[in-house]
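Dear colleague,

Please find the structure below, handed over for your records. My findings follow it.

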Amino acid sequence: MPTEIKVPTLGESVTTATVGKWLKQPGEAVKEDEPVVELETDKVSVEVPAPATGRLENHAVKEGDEVEVGAVLALLEAGAAGKAATAPAAEQAPAQVEPAAKAASQPAPPAETDYDVVVIGAGPGGYVCAIRAAQLGFKVACVEKRATLGGTCLNVGCIPSKALLQSSENYHAAGHDFAAHGVLIESVKLDLAKMQARKADIVGANVKGVEFLFKKNGITWLKGHGKVEGTGRLSVDGKPVTAKHIIIASGSDSANLPGIEVDEKVIVTSTGALELSEVPKRLVVIGGGVIGLELGSVWHRLGAEVTVVEFLDRLVPGTDNEVATQFQKLLTKQGFKMKLGHKVTKAEKTKKGVVLSIEPSAGGTVETLEADVVLVAVGRTAASKNMGLEEAGIALDKRGRVEVDAHYATNVPGIYAIGDVIAGPMLAHKAEEEGVALAELLAGQAGHVNYDAIPGVIYTWPEVASVGFTEEQLKEKGVSYKTGKFPFLANGRARALGMTDGFVKVLADKQTDRVLGVHIIGPAAGELIAEATMAIEFGASAEDIGRVCHAHPTLSEAVKEAALGADNRAINI
């Protein structure tokens, strides 16, 4: 009499599961305790073993079916001989392919795979996900078409831009700020080639560090272009690869404007702006967001005249309005020229550079701007093209982002996505957190990302950092809140540094005092925001922050004072 293979107990409060994929087909021989089918729940992925040695008679359910604990999955003829699992596909029982009208384009998942997890993309989200998955015991590979690991962030984004930002800050300080400290430098000279070489060394050290981590954790680097072909299947430069779990972490690309041809020489994206061999006399930045203002700051400090053209009537959309207003004032004071509420309609290259035609966003009189270099920094778009996603049936939204559920799963079983290629802020650390969470979910752990506690930083001078909700968002939600604000001008450490611009603002629930948002513009804002992020993550109140002893004299005291200010208890103002 056939033996029933049933859905086992899956854990406390788990009563149903989804049939992920069949590991054995009807007619195949199986050994006792050999995995037959893989089940998936919100909490765990489970392989169901054969209760005895024999031949698999049939599948009682299909892949994708929802089944209850105790339900029959298949019948096993115990002790009977079956054909080897390696038999050619033509010899398999046809019952498995007949119901699938799309069998040619969506073949059945492979019974055995090369890897447990394959991550496509070795940027912050991808390489962190790969490392965490390897730590959890998975056999992992990562697909990367660049010559180096680290993605946009380490190669042409976060890391090289911060290297140039620091170098340009040092250069500017030597020429403008040191005298106030009694440090007199008669002549400050710029060696741009050496500055660029330092940046390249920093990039090289970081990308080699990721390669070392891959070797340390036993992760295979599959070099080439990855293309998804369906559940369990992908290719790398045309070579087939199989995996139980495929994770898309392809990141994002620079967005462009219609009719403006980027050559990365005189009309550049952030990539070209990092590689300029000389300081342009006139730089026009199209876009008043994070990337444009950071790179505009680099070249402005080194001597360029910078004009920012922004479609909206404000800078850095999405930041707290009060912070954005103060930010604009400080950048204008530094010498930035602003053309807010304007759009670029034409870019014409000339022997001397570029002539831009601009006009008010709502329409109006056209004027021209001449530039030696134009930086197009109008945002980024999900890198989801030419990867076979649509052909594999993976759903994308109108902006080309991969649609996923709360556990980063796409609509195609066994395929997931994280980072810039899905919805949410395009931040390296957001992608990293999603990578860790997904790896842990695949291992049956409780991976989790709190999207209300994702900080954002603008590395200009002064720095701008935010976490949680802005005042505008709280008003829109109808949340009653209170505000505490403290200026760096009243902070002893800021005075000693000679860096007194800006303030800290804490927003707390009016009834519960729970911290809802913190916004900082000023020195070391990107470091100070960590305390606020921790407070939001653990549900702290403004009073909690205010009662914590902060070292004196430090910039962090401004955070404490702002938190006390939410209850009108600030001491030093």
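Among contacts in the protein chain between residues at least 6 apart in sequence, what percentage join residues at least 24 apart? The value is 63%, where contact means heavy atoms within 4.5 Å.

This is a predicted model, in which local features need pLDDT of at least 70 and side-chain atom pairs count only at pLDDT 80 or more, while totals for chains, interfaces and linings use all residues. Residues are numbered from 1 along each chain as its sequence is written, and side-chain values use heavy atoms, without hydrogens and water.

Of the 573 residues in the protein chain, 49% are buried (under 20% relative accessible area, 1.4 Å probe, protein chains only).

Helix 1 packs against helix 4 (residues 192-216) at about 25°, with the axes 10 Å apart; axes are lines fitted to C-alpha atoms over the stretch in contact, and angles run from 0 to 180 degrees between N-to-C directions. The two helices are therefore roughly parallel (angles under 35 degrees). Tyr127, Ala130 and Ile131 of helix 1 meet Val210, Leu213 and Phe214 of helix 4.

How values were computed: Helices (H or I, at least four residues) and strands (E, at least two) are DSSP runs, numbered from the N terminus. Angles under 35 degrees count as roughly parallel, over 145 as roughly antiparallel, 65 to 115 as roughly perpendicular and the rest as oblique. Buried means under 20% relative accessible area, exposed over 50%, partly exposed in between (1.4 Å probe, protein chains only).
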